[in-house]
Amino acid sequence: QYRTRLAKLQGQVTALETQLSTHSRRFRAEIDPITLPQVQRAIPHGAVLLEWVHYRPFNPKAIKQEPRWSVPRYAVYLLKRQGAPVLVDLGDAEAIETRVAELLAAVRHPGGMQAVQLLAQALEQQLVQPLRAHLGPAQQLLLSPDGALNLLPFGVLQDAQGHSLAEQYELTYLTSGRDLLRPAAPARTSKPTLLVADPDFGPLKSSLGTAAVEQRRSVDFNRGALRFGPLAGTAQEAQALRALLKLKPSQVLTQGRATETALKKVHGPKILHLATHGFFLTDLPEDLHTSSRGAGLEPTQRPSAPQRENPLLRSGLALAGANQLRSGPDDDGILTALEVASLDLQGTELAVLSACETGVGDVHTGEGVYGLRRALVLAGVRTQVASLWKVDDAATTEFMVAYYGHVQAGLGRSAALRAVQRAMQQDPARTHPYYWAAFVVIGDPSPLPRAHAAATTTSGK
């Protein structure tokens, strides 16, 4: 009965989306056919678009017992403003993904710098070195990864001389080259900047008994197992950004005002900054540190996501009242990626998720990452800054204040991130990629429209 009901509801959702799409110019633009020259004209001067693909070679001449499909491999297409695309095969997918996993394990915790360097150089040899001859004098790389590469911070990769890719290029992530053709949404906001930070999650001891939690549906069980402790850095971040961006009290939502209900009422702020706990539920949960901006988990109730769970329910942000699953009359204080996708963020030029793991999710080959980063695109955000692992609270506060300073000075959204990363790399206390490489820019890399550069900010950790 459950499956029948679920299928019926999904059919209704599809029918409603089809009906709505007939009235949406932006949706039609997403599904209209595009041409290679259109994409090339949208590539900035001095930039190269890199589209990675995860594929399985097919042999149409195979006979009898010969296998038609070979083992998966990675390849990449290079596209510049002029000239034909170039295809470079990069080799066996399993070998590449093994090294990606090893590098991610090394950079997600401070320490072991020598191991990080060796892994970063080995992966650079596989993924970037074969492309060097085609990059020429490029200063900017537009990266559209596939498969496990969606979770890789390319800026960490190092050449044989120890220079990171973040030092050599300005890096911007895209879902695909088609993102370059997204039409700009008209400005229509009364709050150009909105800052959401330092929510009051409520007491850590849940009012829900174990039995009550266990009787809930899978996603409710997972929410019941999540515990969110206060983050001192988010309060400091809110104070610093409020002064830097000259925000009015109505543009800053903290403590009991940083609610899920309030965020759902927002309509297209130019800048949305969210500083709070973030979470992503995996089948094999990792230990979390109290000083990180990831969700705190009860040892006996570490959440994992059911295999058939909607991936947009497996990641999200914690807001006021999250520990009691109570935030106003209708909300539980847990803003899932599915709910983020339904927010009205048309016209939002920049959304900054100053939280943990906001850029991760279920990876689907050929389709990208299903999580908060996909949800923000669906909600209408033009550019987002998201994290790939559990970030340090104090370092993130420093990072965000510096980032907005560069954005206000007129740097592009990707160039500002690169400037912060390069400065942190020179700081002996922050030189490990754990501190500076977690955040990536996804979407439009250009500077904010000048009229709005200091108008919109929302912060959530």
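Modeller: Let's start with an open sheet of 3 strands, in the order β10-β12-β13 with antiparallel pairing. Its edge strands are β10 (278–280) and β13 (334–336), each pairing on one side only. From one strand to the next, the twist averages 25°. This is a predicted model, where local features need pLDDT of at least 70, side-chain atom pairs count only at pLDDT 80 or more, and totals for chains, interfaces and linings use all residues. Residues are numbered from 1 along each chain as its sequence is written, and side-chain values use heavy atoms, with hydrogens and water left out.

Colleague: What makes β12 and β13 a pair?

Modeller: Two strands pair if DSSP finds at least two bridges between them. Here 3 bridges join β12 (residues 315–318) to the antiparallel β13, so the two count as paired. Gly 316, for instance, stands opposite Thr 336 in β13. Strands themselves are DSSP runs of E, at least two residues, numbered from the N terminus.

Colleague: Why is Asp 198 called buried?

Modeller: Buried means under 20% relative accessible area, exposed over 50%, and partly exposed in between, using a 1.4 Å probe and protein chains only. Asp 198 has 14% relative accessibility, so it counts as buried. Asp 198 lies in strand β6 (residues 193–199), and has a positive phi of about 50° although it is not a glycine.

Colleague: And why is Leu 325 called buried?

Modeller: The relative accessible area of Leu 325 is 17%, so Leu 325 is buried too. You'll find Leu 325 in the loop between β12 and β13. Its phi is near 50°, a positive value in a residue other than glycine.

Note on methods:
Helix = DSSP H or I, 4+ residues; strand = E, 2+ residues; numbered from the N terminus. Axes fitted to C-alpha atoms, helices over the stretch in contact; angles between N-to-C directions.
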